[in-house]
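Subject: Structure for you to look at

Hello,

Here is the structure I promised to pass on. Have a look at it first, and then read on for my notes.

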Amino acid sequence: MKKFFKVLGIVVLFLIVAATIAWFGFLRPKPPPISDADRAQIVLMPLPSELELGSDQLVLNTNFGYTFNNLKTPKLERAIKRFYSRLNAATRKTFTPQEGKTLLLDCKNENGPYPNLKDDASYTLSVTPDAVTISANSETGILYGLESLLQLMKNQAGVWALPEIELKDHPRFPWRGLMIDVARHWVSKETILRNLDAMEAVKMNVLHWHLSEYQAFRVESKIFPKLHEMGSQGKFYSQEDIKEIVAYAADRGIRVVPEFDMPGHTTAWFVGYPELASAPGPYVLDSVFGILDPVINPTRDEVYDFLDRFVGEMATLFPDDYLHIGGDEVKPAHWDANPAIQKFMKEQAIKDSHELQAYFNFRLQKILAKHGKQMMGWDEILHSDLPKDGIVVQSWRSQKSLWEAARSGNKAVLSTGYYLDHKRPASFHYNVDPMKIEGGVTIDIDSTNWKGYECKLFVQGTEIDGFLYFFGEGENLRGVMNFMGDATDFPNAKIEGDKITFGLKASVGTINFEVAPKADSILGQAKIAIITIDLKGKQVGGSDMPNGQSLPKFEKIVPLTAEQEKNILGGEACMWSEMVDNRTVDSMIWPRAAAIAEKLWSPKILTNNVDDMYRRLLVLDDELEKMGLQHHSSGKELVLEIATQQFEEPLQTLVDVLQEDEFFNRMQIYEPVLYTTTPLNRIVDAARPESYVAYSFNKDVDLWLKTADADAKARIMENLENWSENYTKLRPAFGLSEKLIEGNPISLVSADVTRLQEVEVHSENLSALSKMALQALQNKTGASTNQAAIDTLLLKAREPHGGTIMPIVDGLQKLLNHTK
């Protein structure tokens, strides 16, 4: 028996040792490349690939000199001058660029004259108590190392220092872009330049420059001067401007990819050159927004001769390997109405408009290649006739098209989920990842109980073909909509009388449909703000139609192979300019674009902590203003324009807790529609797409409710006291008569009462809810106990006014619910 236990003990001991070896050898999860403790002490954005802090620091003094090791180039010399300029601005001290031994820059190779997709952006950064060393294989890595160094600086009791650190860094994706639309609304050269500074700060490396539209053509052409002379209303970039911007970007490691959208979105081309169009002229610049009819005639050889000369000229201005041809939202109405085009299609066996666009793209790709350019376009260009090598597909309709492009062998860039003009919070963009598809078909497909309808969606005169499928019945009714090649499920359809209602989740919010099946047809409608979507279809299949179409196979999303993943180059944040202009564009881009920049730069394992992202984003928000961006100051300028100085402070307090409503919701405030000439000078333009005052307040409420943190409560009380007086302070500005304002004589009135009155309800609700919350927190008598009235007020406070919403309602509701 003793021998048995001895053997058993040896076996158990062996198993324990083996398990320990396995755990520590290869089973234990790999620790993150940055520990939580180190992460909490830094504000770097984007986060580096790996980092370890020491316990010491390097104190900065005015003898902070630099030395180039291995390689010294004009680009690096300009970079070090910018570094010292930023250092002086941040510290308000005088650091003179001088040679010394504190900062060692070790660059091994010189980049080409312009950045390239294949440039090595990696670097290492080491800080000891005596010196800083930045090492990189290329100039680009040194640029990024200097940006990280600036973000590492800390001011402790008036002493500026760098923490002791060992840092290794390289980008997750090589394509980290920002698209700026300068065609719908003009954006000046100076604004582009300062946005390039911000891009460098967050390691973005592609400026995608959207230069032509229905509304304007923004580039000087010396070969075809009527493009800019007649297509820009005098607002265009001269060729010298373009050269300056391209050089400025190159100095910061940023590529410039121009976009000339075609064959649609081309009215501005036709104002000067109507012979390019599919319908007879004359043409004038469009002043409305949407998907319009004008489209290039793809059947005439003269059009390709024109484009050959045009691309040749643009190739001399834009040295990047890629030229973006747009290719999105081509409306075929003018093609369908042109007998010559229809004859050509019949002769060439081109069956539909999609095939005709593919024919155009195929010929255009040959022209681009002739001039040393590779084609890039929105995901509508994806077609089997186009060569796979050298074409980049930019996915905007869904992430599924991104993966489809990657599977087909094309290179691909993601923009779905990165549309800044949709006015979604930074957290929304941060949760979008090119390597992860959200919203695939996840419902159970019941092949024994289904109906299928072939449908058309009618959106502002545009027809979109697709299918609608229903599965199950009663409380288990569910379905799939398959339009534009994108299948999206809805799990909870409801039957209400003879109608079925369901909601589809999209990047712009939930689209709510109401449809009515009748016999073998279906009619319905959906609305996104002022946009109405009509649906009409007929049943073509189902479990009750044995001779109908068969049920398509809805497959689960299949992961990409390792080889296919390499085709995904990265992503681009997009700033379309229907509702921004030169003054407000900074505030609509920054700082939210930095969250996307981090998603595309940092290791995936480090980009899942939304709270920590916001902690660092709020620091960067202030730093960007110091760099010269106007995302803070532009809103304050508008506040002063709207109200007199007497009301500036309370109006700014109100604006700070508001945020711009989402894209289509904001569209509702324009009567009858938004035009290019509509002034963008209302409260909604002064507000930002995300209120960080509201974010901080809501986080304080969560912290106090969870931990009873005294500092959080003090900040809550201070805000509530300020907000509770807001309506009293602003009432005169809203245009009330003097006799209604007891003890508050009016000496000045609002400069524009109409614009102010749009948000009067917000001010009234802000003060009312803040008073209730304040009284409840102070346990004062007289606090409202009418819960129905409180609930009604909370619902009213969530309603949009003047294109703005008040996100602090979330925190106020939690406070009132907690204290009731």
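The accessible surface of the protein comes to about 35800 Å², and carbon and sulfur atoms hold 52% of that; areas were computed with the Shrake-Rupley method and a 1.4 Å probe, and for residues only the protein chains shown count as cover. Please keep in mind that this is a predicted model: local features need pLDDT of at least 70, side-chain atom pairs count only at pLDDT 80 or more, and totals for chains, interfaces and linings use all residues. Residues are numbered from 1 along each chain as its sequence is written, and side-chain values use heavy atoms, with hydrogens and water left out.

**Overall picture**

Of the 820 residues in the protein, 55% are buried; buried here means under 20% relative accessible area, exposed means over 50%, and partly exposed lies in between (1.4 Å probe, protein chains only). The radius of gyration is 30 Å, which agrees with the value near 28 Å that a compact globule of 820 residues would have. That radius is taken over C-alpha atoms, and the globule rule is 2.2 Å times the number of residues to the power 0.38. Along the principal axes, the C-alpha atoms fill a box of roughly 95 × 80 × 75 Å.

There are 29 helices and 26 strands, both being DSSP runs numbered from the N terminus (helices H or I, at least four residues; strands E, at least two). Among contacts with a separation of 6 or more, 71% are between residues 24 or more positions apart, where contact means heavy atoms within 4.5 Å.

On charge, I find 88 positive and 110 negative side chains, with the centres of the two sets 4 Å apart. Lys and Arg count as positive and Asp and Glu as negative, while His and the chain ends are not counted; each charge is placed at NZ of Lys, CZ of Arg, CG of Asp or CD of Glu.

**Around Tyr419**

Leaving out residues up to four places away in sequence, Tyr419 touches Trp378, Trp396, His429, Cys574 and Trp576. With Trp576 there is also a side-chain to side-chain polar contact of 3.5 Å; such a contact is a pair of N or O atoms within 3.5 Å, where within protein one must be able to donate a hydrogen and the other to accept it, and residues adjacent in sequence count only if both atoms are side-chain atoms. The C-alpha atoms of Tyr419 and Met575 are 6.5 Å apart, although 156 residues separate the two in sequence.

Lys423 lies in the loop between β14 (411-414) and α14 (426-430). Its phi is near 60°, a positive value in a residue other than glycine, and Lys423 counts as buried at 3% relative accessibility.

**Backbone points to check**

Gln233 also has a positive phi, of about 55°, without being a glycine. The residue is in the loop between α6 (226-231) and α7 (239-251), and at 72% relative accessibility Gln233 counts as exposed.

Two cis peptide bonds deserve a look as well. One joins Met45 and Pro46, with omega about 5°, and Pro46 lies in the loop between α2 (36-39) and β1 (50-59). Another runs from Met262 to Pro263, with omega near 10°; Pro263 is in the loop between β10 (255-259) and α8 (267-272).

**A few more sites**

Helix α20 (residues 648-657) is mostly covered, with seven of its ten residues buried: Pro650, Leu651, Gln652, Thr653, Leu654, Val655 and Val657.

Asp489, in strand β18 (residues 486-490), is buried at 12% relative accessibility. Its side chain reaches the backbone nitrogen of Ile443 at 3.4 Å.

Gln564 belongs to helix α15 (residues 562-565), and its side chain reaches the backbone nitrogen of Thr561 at 2.9 Å. Beyond its neighbours within four places in sequence, Gln564 is in contact with Ala406 and Arg407.

Finally, Pro280 lies in the loop between α8 and α9 (301-317) and is exposed, with a relative accessible area of 75%. Its C-alpha atom is 53 Å from that of Ala694, which is 414 residues away along the chain.

Best wishes
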